[in-house]
Amino acid sequence: MPRPKRDIQAVAEETVTPPDTLSSSQAIARVKQGAGNNLYQLDLPTAELPARFRSTIWIKRGSFVCVDTSTLADRDNKLGGEIMNVVRDERVWRKMSYWPAEFAAKKSSYDEDSEDDGPQMPPSDSEEV
């Protein structure tokens, strides 16, 4: 049975806005791959996707999620936590003070002040070297 559209919109809105702070048991993690059955392998231990996100939000490899490692502590399994939020608007989330430094945006390796014009063709026989 499909979910009502208002439920889908509520979940989507929840993922756009980052929380003001994270608790000590929460962390931002990058998704390595889907492990099936609503489980995802992360940079942290494997985490479970809660029911409110299932069949509503799809998570791609390389995207970011907010994981709570304390929610599954009482269960005797190999799961490291539960995905509490899915980072959809990464630009907004990166501005938060708790965003991990290891996930900082990579700078361009090309320096604009460099005199290097990129790859050059070798000189032709008619040109002097």
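This is a predicted model: local features need pLDDT of at least 70, side-chain atom pairs count only at pLDDT 80 or more; totals for chains, interfaces and linings use all residues.
Strands, such as the one that holds the first residue of this tour, are DSSP runs of E at least two residues long, numbered from the N terminus.

**First stop: Asp68**

Select Asp68, which lies in strand β4. Is Asp68 buried or exposed? Its relative accessibility is 8%, and because buried means under 20% relative accessible area, Asp68 counts as buried. Now show the side chains, and you will find that the side chain of Asp68 makes a polar contact with the side chain of Ser70, at 2.9 Å. If you leave aside the neighbours within four places in sequence, Asp68 is in contact with Ser25, Gln26, Gly81, Glu82 and Met84. One of these, Gln26, stands opposite Asp68 in β4.

**Second stop: the barrel**

Switch to a cartoon view and colour the strands. Strands of a sheet pair through backbone hydrogen bonds, either parallel or antiparallel. Here 5 strands close into a barrel, in the order β1-β2-β3-β5-β4, and the pairing is mixed. To look at one pairing in detail, select β1 and β4, which pair in the antiparallel sense over 5 bridges.

In soluble globular proteins, nonpolar side chains tend to be buried together. Select Tyr40, Leu42, Ile59, Val65 and Ile83, which, of the 14 residues in the largest nonpolar core, touch the most other members. Which strands supply at least two residues each to this core? They are β1 (26-36), β2 (39-42), β4 and β5 (81-86). Next centre the view on Ile59, which touches Val31, Tyr40, Leu49, Val65, Ile83 and Val86, when residues up to four places away in sequence are not counted.

A pair of aromatic rings is described by the distance of the centres and the angle of the planes. The structure holds 3 aromatic pairs, and you can begin with Phe64 and Trp99, whose ring centres are 5.0 Å apart and whose planes stand at 70 degrees, so that the pair is edge-to-face. The step from angle to name rests on a cut-off, because planes over 60 degrees apart count as edge-to-face. Phe64 lies in strand β4 (residues 64-68), while Trp99 lies in the segment after α2 (90-94), so this pair ties together parts that are 35 residues apart in sequence. Phe64 counts as buried at 2% relative accessibility, and Trp99 counts as buried at 10%.

With Phe64, Trp99 and Phe103 shown at once, you can see the cluster into which ring pairs link them.

**Last stop: the salt bridges**

How many salt bridges are there to find? The count comes to 3.

- Select Asp43 and Arg30, which form a salt bridge whose closest N and O atoms are 3.9 Å apart. The pair links distant parts of the chain, since Asp43 is in the loop between β2 and β3 (47-48) and Arg30 is in strand β1, 13 residues apart. Asp43 is partly exposed, with a relative accessible area of 40%, and Arg30 is partly exposed, at 30%.
- Move to Arg91 and Asp89, whose side chains meet in a salt bridge at 3.9 Å, N to O. Arg91 counts as exposed at 56% relative accessibility, whereas Asp89 counts as partly exposed at 22%.
- Finish with Glu90 and Arg94, where the closest N and O atoms of the salt bridge are 2.5 Å apart. Because the two residues are 4 residues apart in helix α2, Glu90 and Arg94 are separated by about one helical turn. Glu90 is partly exposed, with a relative accessible area of 28%, and Arg94 counts as partly exposed at 26% relative accessibility.

Definitions and conventions. Residues are numbered from 1 along each chain as its sequence is written. Side-chain values use heavy atoms; hydrogens and water are left out. Rings of Phe, Tyr and Trp (its six-membered ring) pair if their centres lie within 6.5 Å; planes under 30 degrees apart count as stacked, over 60 as edge-to-face and the rest as tilted. Buried means under 20% relative accessible area, exposed over 50%, partly exposed in between (1.4 Å probe, protein chains only). A nonpolar core is a set of buried Ala, Val, Leu, Ile, Met, Phe, Trp, Tyr and Cys residues joined through side-chain atoms within 4.5 Å. Contact means heavy atoms within 4.5 Å. Two strands pair if DSSP finds at least two bridges between them. A polar contact is a pair of N or O atoms within 3.5 Å; within protein, one must be able to donate a hydrogen and the other to accept it, and residues adjacent in sequence count only if both atoms are side-chain atoms. A salt bridge is a side-chain nitrogen of Lys or Arg within 4 Å of a carboxyl oxygen of Asp or Glu.
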